[in-house]
Amino acid sequence: MAILKGKKVIVIGDRDGVPGPAISACVETAGGEVVFSSTECFV
Amino acid sequence: MDLENQKRVKEFAEQYGPENVVVLVGAAEGEAAGLAAETVENGDPTFAGPLTGVQLGLLCYHVCEPEIKAEFDANVYEENVGMMEMVLDVDDICEEMSDIRSNYCKYL
Amino acid sequence: MNSVIKSASYVLAHVPQMVIHNGTTQTTERVVNPDGDYLKELPKHLRSFKDCVEYWPNQVYIGNKTPEELEAVEFPYYDKNIDGASRYGKYGEIMPEDEFLLLAQTCDVFEVYYLTRDFVAATRPKLEADPIITDDIKGRIQEGIELSEIEKLVKEEAAEGLYLDGKLVGCVKRAHDIDVNLSAEVMHENIMNKATGVLSLLYLVRNAGINAADVDYVIDCSEEACGDMNQRGGGNFAKADAEIAGLVNATGSDARGFCAGPTHAMIEAAALVKSGAFRNVAVVGGGCTAKLGMNGKNHVEKDMPALEDCLGAFAILVSENDGVSPEINLDILGRHTVGTGSAPQNVIGSLVADPLERAGLTVNDVDKYSPEMQNPDITKPAGAGDVPQANYKMIAALSVKKGWIEKKDMPEWIKKHGLTGFAPTQGHVPSGVPFIGFARDGILEGKYKRVMIIGKGSLFLGRMTNLFDGVSYIIQTNTSAEESQNSVSRDEVKKLIAASLKEFANSLLGTEEA
């Protein structure tokens with residue numbers, strides 16, 4: 001069963017890992033709806 | 001996890017129902033990814049944010065985990081995340097994430 | 001002609017008490033979890049000044065050790081101090097908290113900063129013994145007031161306390177009753193930024209061997225904002241720092257760009273000098289009290305010292321080409337543009353691969369890369385990984401995609417072109433700039449030909465855009481000798497023109513005669 005299709009998706013990206021917008025771009029291709037996208041910074 | 005982000009996660013879980021929400025993280029390390037997952041599943045382990053003591057049990061994955069990656073358009077993933085697979089310790093991240101999920105996730 | 005890197009300075013102020021009272025991780029904790037274990041445990045994890053001075057990464061930062069020497073030290077670093085290391089270094093110094101509190105007093109020009117009489121009396125001889133402290137600054141020291149007055153200001157006027165070894169020794173008053181931009185907390189943050197900026201400018205002038213009066217422009221690239229409610233962030237730290245440091249002929253301005261700020265500022269400085277607008281431009285970045293103890297929770301949890309106990313600052317002097325010093329090559333600039341996007345490969349592509357390709361080079365033509373030089377001793381226990389290493393892996397991974405290196409050679413390439421991180425997590429401070437001093441020395445020694453400095457910034461933290469940011473530039477061996485060999489001198493041009501005019505005149509005469 002699909003994990004993301006039809007789901008509300010919250011994206012918590014990382015400045016030194018994968019940033020929020022890059023994850024959001026992927027989610028949209030899987031049929032998930034990004035309701036919030038943010039990028040964290042530990043430095 | 002940033003306190004503002006915790007607040008938003010809590011609000012969205014209430015608004016849409018926790019069973020309809022999935023959290024995707026992009027952390028650079030297994031430990032940080034696990035910490036984020038724990039926060040949205042079992043509550044903020046640092047006792048600082050709005051999710052302290054709140055066990056939402058949300059479904060949470062790292063963007064590089066194979067079961068999530070399989071759902072993406074391969075080209076879009078390659079363009080946006082592909083290179084980071086060479087940089088991140090994906091095995092360590094996957095191990096941390098699945099550990100947290102099996103312990104705390106309510107919507108597996 | 002290209003402008004040059006004339007000198008660099010790097011300073012630290014060891015401020016354990018400010019970790020407790022002013023770092024935002026701690027001030028936030030006092031709001032959300034005041035009775036929690038963290039605030040109780042933290043003081044036990046603060047380092048002595050001696051431990052801070054003898055800490056390997058700090059000795060690298062002030063230039064007594066090199067990043068190459070640090071690479072040979074077994075990780076982690078905090079339990080392997082250098083016995084007897086000096087607070088004074090080739091590029092600057094590590095100042096203890098008492099002296100720094102007094103230096104900060106000399107940076108206050110609005111009577112908001114107070115120390116007790118006893119504290120000033122005890123500390124004045126120590127600060128005055130520091131050879132970098134000028135007579136001007138010594139003359140600015142105020143005698144201080146009674147402790148009871150300070151206690152009253154803290155209790156009744158919301159003044160921000162200044163502490164030494166857990167005891168109240170002074171305070172910073174608010175500069176306005178209503179304006180939050182001039183609150184005691186903000187004034188404290190800005191004065192500490194200014195004091196570290198001033199200290200780094202003093203060392204910059206010393207290291208460059210010039211007169212303070214020779215600097216004609218200052219660009220401040222810190223992350224703080226000074227201004228009031230009608231122009232928050234109006235500035236200008238640059239000129240405020242220059243005033244105390246005695247740069248009497250300098251004007252200046254502030255440039256901001258989160259952690260990418262210093263790299264933007266260096267490019268601007270190089271352009272100002274190359275254009276002829278200014279001859280000696282100082283780029284200065286002061287320290288950030290907010291980030292003290294930023295990852296303290298993780299450090300305490302892992303039972304290690306709270307390593308984020310220093311304010312860091314730097315200054316770089318960009319000058320007209322002297323025919324010797326390493327140059328900033330403005331023809332090879334990396335730019336993360338609005339259209340670049342935030343995918344890591346695009347970011348690194350725009351900052352590293354694109355500028356090199358435009359110049360007909362590959363990643364192998366640059367000897368060393370200085371991206372974000374955060375000390376991994378601080379970031380790894382916090383789950384943020386080894387930031388410089390992650391950057392090198394990204395550059396190497398992109399180079400594999402470009403066909404510049406083989407995948408199997410990635411670790412070797414990283415070892416050859418990479419560096420071990422040694423900078424305090426002070427936001428803009430680690431961003432490329434910590435290596436400029438070593439790059440200058442290494443290029444002068446012939447060890448490197450080209451060094452790339454990369455700055456990246458998290459603009460999204462300001463909630464104005466989701467965009468990422470970054471710029472990069474290359475420091476290279478001085479090429480002015482080659483340029484003058486290849487180019488034709490003014491006199492030669494005059495001779496050539498005269499000869500061709502004569503020839504033309506003769507040809508006209510010849511035509512008429514015929």
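These are legends for several close-up views of a predicted model. Local features are given at pLDDT of at least 70, side-chain atom pairs at pLDDT 80 or more, while totals for chains, interfaces and linings use all residues. Residues are numbered from 1 along each chain as its sequence is written, chains are lettered from A in the order in which they are written, and side-chain values use heavy atoms, with hydrogens and water left out.

**View 1. Helices α7 and α8 of chain C cross at roughly 95 degrees.** Here α7(C) covers residues 97–106 and α8(C) residues 117–128, and their axes come within 9 Å. Helices are DSSP runs of H or I with at least four residues, strands are E runs of at least two, and both are numbered from the N terminus. Axes are lines fitted to C-alpha atoms, for helices over the stretch in contact, with angles from 0 to 180 degrees between N-to-C directions. On the α7(C) side, the contact (heavy atoms within 4.5 Å) includes L101(C), L102(C) and L103(C); on the α8(C) side, F119(C), V120(C) and L127(C) are among the residues involved.

**View 2. Chain B meets chain A.** Chain B puts 31 residues into the contact and chain A puts in 27. About 2500 Å² is buried between the two, with 69% of that from carbon and sulfur atoms. Buried area is the accessible area (1.4 Å probe) that two parts lose on being put together, summed over both. Look for V22(B), L24(B) and E71(B): in chain B they lose the most area to chain A, together 23% of what that side buries.

View 3. Over all chains, the structure holds zero disulfides (cysteine sulfur pairs within 2.5 Å).

**View 4. Two cis peptide bonds in chain C.** One joins F75(C) and P76(C), with omega about -5 degrees; P76(C) sits in the loop between α6 (67–71) and β2 (94–95). Another joins G235(C) and N236(C), with omega about 10 degrees, and N236(C) is in the loop between β6 (217–220) and α12 (237–245).

**View 5. D303(C) has a positive phi without being a glycine.** Its phi is about 55 degrees, and D303(C) is exposed at 61% relative accessibility.

Key. Buried means under 20% relative accessible area, exposed over 50%, partly exposed in between (1.4 Å probe, protein chains only).
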